[in-house]
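Q: Here is a chain to look at. How do the terms used for it follow from the numbers?

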Amino acid sequence: MAGEWEHIRVSTSPDTAAQNITSPLTVGDIDAAIERISHVIDATPLQWSDRLSTLTGANVYLKREDLQVVRSYKLRGAYNLMAQLDAAERAAGVVTASAGNHAQGVAFACRTMEITGRIYVPSSTPKQKRDRIRAHGGEFVELILTGETYDAAAAAAAADVRRTGATMVAPFDDARTAAGQGTIAAEILAQLGAAPDSVLVPVGGGGCIAGIATYLHAHAPRTAIVGVEPTGAASMTAALVAGGPVTLTEIDPFVDGASVKRVGDLPYAVVSALGAEVVTHTSLGQAGGASTIRLDPETFVMTNLDEGALCTAMLELYQNEGIIAEPAGALSVAALGNITFEPGSTVVCLISGGNNDVSRYGEILERSLVNLGLKHYFLVDFPQEPGALRRFLDEVLGPEDDITLFEYVKRNNRETGAALVGIELGKAEGLGELLERMEQSRMQVERLEPGSPAYRYLT
């Protein structure tokens with residue numbers, strides 16, 4: 001039933017997972033990583049948010065990895081891995097694939113350690129990220145654009161390693177990478193001085209959630225952990241349901257920092273060993289409200305979030321806190337509205353990255369308005385006669401509504417002309433009245449439903 005959460009049973013459970021499955025990542029790995037990278041990475045701020053605390057009734061803190069030297073947490077894992085390479089591996093040079101953030105960490109490490117590297121990124125990687133990769137790596141890195149997704153770039157990088165014998169710096173499917181990301185959890189505990197009640201973590205390939213969950217399981221076992229994926233690339237959710245990593249046939253690359261078709265084998269092994277439970281919702285991220293997840297101590301939940309709701313969270317972070325979060329970086333904050341917290345409990349949201357291209361804000365605003373139920377598109381057959389558009393404005397539009405797009409789709413006869421009309425409502429509740437007025441008008445109107453083939457094609 002719409003409005004209810006569905007808990008999907010997977011192959012392990014929180015009560016038995018730790019005893020039955022051995023995790024490939026240990027707390028010792030993370031402790032060693034702390035010593036290895038502490039002179040390079042910044043201990044990023046843990047900031048209390050008045051707005052989000054008021055919104056949730058909890059004490060919400062933001063772990064600001066967007067303020068890391070490469071504007072994301074990815075330097076932690078990349079540097080931890082590369083610092084362990086022997087002389088022969090360094091001499092062979094390194095290769096990696098990334099949607100942009102891991103690449104910046106590798107580039108920074110290449111220049112710092114004077115190791116040459118080739119970095120493969122998909123063509124969809126925002127220009128801002130490509131420019132920062134070059135800036136961080138300088139003469140030590142070569143940036144290569146290939147394919148449309150991270151997975152295509154990963155395949156090209158793997159082929160490079162087989163061909164040249166270079167050393168792979170895996171973005172998530174390596175214990176050294178995941179251990180570096182796990183140092184975030186150590187910082188959170190040190191900065192709070194106590195264990196938080198809940199920690200929310202964005203999930204892409206799974207290295208970060210694997211590292212953080214491993215450390216919290218050992219040092220803060222009663223802390224609830226929530227992994228948040230974009231609905232258009234919920235590869236960890238798919239893996240947990242299937243009982244192992246699976247390759248998604250299609251993903252939405254909008255959340256570029258968390259859009260992978262297949263999670264890593266190691267992150268999956270860690271997450272499943274710690275008993276992660278999948279939670280889905282039929283109306284997650286849709287306007288109109290939804291019931292929420294209730295967290296208990298010691299729970300480990302994987303959920304996913306509609307990209308439109310994510311865009312709304314990005315805009316609110318920018319407008320209220322002045323935080324420029326990239327789409328993946330805002331996943332944890334966007335999920336707050338779908339969780340019920342105990343009043344006064346301590347909640348930490350990981351802002352995982354801030355490498356957002358300003359040119360994307362037009363699409364971000366559009367997706368947010370659609371998510372909030374304020375933006376709608378229609379195909380309208382206008383009579384080809386004087387005053388037709390004026391009648392539409394007077395008879396159909398409400399006093400707070402506005403036309404934001406008007407474009408003739410085809411105009412091939414003397415009687416009617418089909419136009420694509422975008423309407424922004426003054427309030428989401430006004431949609432019903434707008435549809436009634438359209439029904440009463442003399443014009444033939446077809447509403448384009450978000451997600452439909454016609455909607456994607458025309459908008």
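Q: What is the area buried between domain 1 and domain 2, and what share do carbon and sulfur atoms give?
A: In this predicted model, the area buried between domain 1 and domain 2 is about 1300 Å². Carbon and sulfur atoms give 56% of that area. On the side of domain 1, V70, D256 and N355 supply 34% of the area buried against domain 2, more than any other three residues.

Q: How many residues of domain 1 and of domain 2 are in contact?
A: Contact requires heavy atoms within 4.5 Å. By that limit, 17 residues of domain 1 are in contact with 13 residues of domain 2. The C-alpha centres of the two domains lie 24 Å apart.

Q: Which residues make up domain 1 and domain 2?
A: Domain 1 consists of 27-72 + 175-364, while domain 2 covers 94-165. The division also gives a domain 3, residues 373-457.

Q: Why is the pair of F382 and F392 called edge-to-face?
A: The ring centres are 5.3 Å apart, and the limit for a pair is 6.5 Å. The planes stand at 65°; an angle over 60 degrees counts as edge-to-face, so the name applies. F382 is in strand β15 and F392 in helix α16, 10 residues apart. Together with F406, F382 and F392 form one aromatic cluster.

Q: What makes the pair of Y150 and F172 tilted?
A: Its centres are 5.8 Å apart, within the 6.5 Å limit. Y150 lies in helix α8 and F172 in the loop between β7 and α9, so the pair ties together parts that are 22 residues apart in sequence. Both residues are buried.

Q: Which charged residues lie over the ring of F254?
A: The charged end of R360 sits over this ring, 5.0 Å from its centre. R367 lies over the face of F254 at 4.1 Å from the ring centre. The cut-off in distance is 6 Å, so both values fall within it.

Q: How do you know that strands β4 and β5 pair?
A: Pairing needs at least two bridges. Four bridges join β4 to β5, so the two strands pair. They run parallel. In one of the bridges, T96 has I119 in β5 as its partner.

Terms used. Residues are numbered from 1 along each chain as its sequence is written. This is a predicted model: local features need pLDDT of at least 70, side-chain atom pairs count only at pLDDT 80 or more; totals for chains, interfaces and linings use all residues. Side-chain values use heavy atoms; hydrogens and water are left out. Rings of Phe, Tyr and Trp (its six-membered ring) pair if their centres lie within 6.5 Å; planes under 30 degrees apart count as stacked, over 60 as edge-to-face and the rest as tilted. Buried means under 20% relative accessible area, exposed over 50%, partly exposed in between (1.4 Å probe, protein chains only). A charge sits over a ring if NZ of Lys or CZ of Arg is within 6 Å of the ring centre and within 35 degrees of the ring normal. Domain bounds come from an automatic or database domain assignment. Buried area is the accessible area (1.4 Å probe) that two parts lose on being put together, summed over both.
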